[in-house]
Amino acid sequence: MTYAAKAQFVNGLEINVGTHSHTIKVDQSVERGGTNKGMNPMELLLSSIATCLTMTVLLATEKADLKVEDISVKVEGDRDACVRPGLNVIRTTVNVKTNVPSETMEQFIREIALNAPVVESVRMQ
């Protein structure tokens, strides 16, 4: 399967990026020369990781017949441009509200996180 996205210049640092039928506005903050009309590229990357990990957990818990009441995933990244232009560290925090014991759920999440396609794609780089 091939995935594709296309970025189209709008104005200044404002970019519309899209796929077959969806579009997202990407920009930079005013401090970085943009107009803050959308997420910046790094926030978009972290959002992709968070979304993929959330979907992976939801699909895996459903397949394992585990009842999940709520799930939230927070992804943070640290960048030190003196070390490298990209992120040096990416941290994820997964919170799942369920009737499964927390130790069991933590182990389950650690195992299935390795199957999150976006997470794995970023890890390979």
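On a 1 Å grid over the protein atoms alone, a pocket is an open set of points where a 1.4 Å probe fits, with protein on both sides within 12 Å along at least five of seven lines, and its lining residues have an atom within 4 Å of a point. A volume is the space filled by probe spheres set on the points, which are joined across faces, edges and corners.

This is a predicted model, in which local features need pLDDT of at least 70 and side-chain atom pairs pLDDT 80 or more, while totals for linings use all residues. Residues are numbered from 1 along each chain, and side-chain values use heavy atoms, without hydrogens or water.

| Largest | about 750 Å³ | Y3, A4, T19, S48 and V118 |

Helices (H or I, at least four residues) and strands (E, at least two) are DSSP runs, numbered from the N terminus. Helix 1 gives the largest share of the lining of the largest pocket, 8 residues. That lining divides into 11 nonpolar, 9 polar and no charged residues, where Ala, Val, Leu, Ile, Met, Phe, Trp, Tyr, Cys and Pro count as nonpolar, Asp, Glu, Lys and Arg as charged, and the others, Gly among them, as polar. For the second largest pocket, strand 5 supplies the largest share, 6 residues, and the lining holds 12 nonpolar, 4 polar and 4 charged residues.

Now to the helices: L53, T56, V57, A60 and T61 in helix 1 are in contact (heavy atoms within 4.5 Å) with M105, F108, I109, I112 and A113 in helix 2. These contact residues comprise 8 nonpolar, 2 polar and no charged.
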